[in-house]
Amino acid sequence: QVQLVESGGGLVQAGDSLRLSCAASGRTISMYAMAWFRQAPGKEREFVAVIRWGADITDYVDSVKGRFTISRDNAKNTVYLQMNSLKAEDTAVYYCAAQTPDGSLWRGRTRPEKYANWGQGTQVTVSS
């Protein structure tokens, strides 16, 4: 099992930037799919971004494309989510997730049930 700890959330104004970090321990993340999800009050957990194992292939939900960037530093065993031009609708608890690949993981990469390892979440609040 891999343990995940998110950090970097906070209260910012619309248009500001934040960088979230997800520090992993227990396993090296280079061969994991690493993803960010978010959950706003009263809403279901939503896929935000994912970076594939072994190669830096990424995918994003349409609403954050061009504003958010997911990256990984295997030497630090950490995944990042750089969030620019933040909007009020980005307000949510952001969760880091990790999963070792199987034959269907990439096809189901936006579905939270495909990931077995989760962090505790970090709150991002964007005031308009």
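Which residue in strand 8 is the bridge partner of D73? The partner is T78, where strands (E, at least two residues) are DSSP runs numbered from the N terminus. The model is predicted: local features need pLDDT of at least 70, side-chain atom pairs count only at pLDDT 80 or more, and totals for chains, interfaces and linings use all residues. Residues are numbered from 1 along each chain as its sequence is written, and side-chain values use heavy atoms, with hydrogens and water left out.

- An open sheet with antiparallel pairing is built from 4 strands in the order 1-3-8-7; two strands pair if DSSP finds at least two bridges between them.
- Strand 1 and strand 7 (68–73) each have a single partner strand and stand at the edges, so one side of each lacks a neighbour in the sheet.
- From one strand to the next, the twist averages 15°, with axes fitted as lines to C-alpha atoms and angles running from 0 to 180 degrees between N-to-C directions.
- Strand 7 pairs with strand 8 (residues 78–83) in the antiparallel sense over 6 bridges.

**G8**
- G8 lies in the loop between strand 1 (3–7) and strand 2 (10–13).
- With a relative accessible area of 34%, G8 is partly exposed (buried is under 20%, exposed over 50%, partly exposed in between; 1.4 Å probe, protein chains only).
- Beyond its neighbours within four places in sequence, G8 contacts L18, R19, L20 and T122 (heavy atoms within 4.5 Å).
- A C-alpha separation of 8.5 Å is found between G8 and V124, which are 116 residues apart along the chain.

**E113**
- The loop between strand 9 (92–99) and strand 10 (117–118) holds E113, which is exposed at 55% relative accessible area.
- E113 and S127 are 14 residues apart in sequence, and their C-alpha atoms are 30 Å apart in space.
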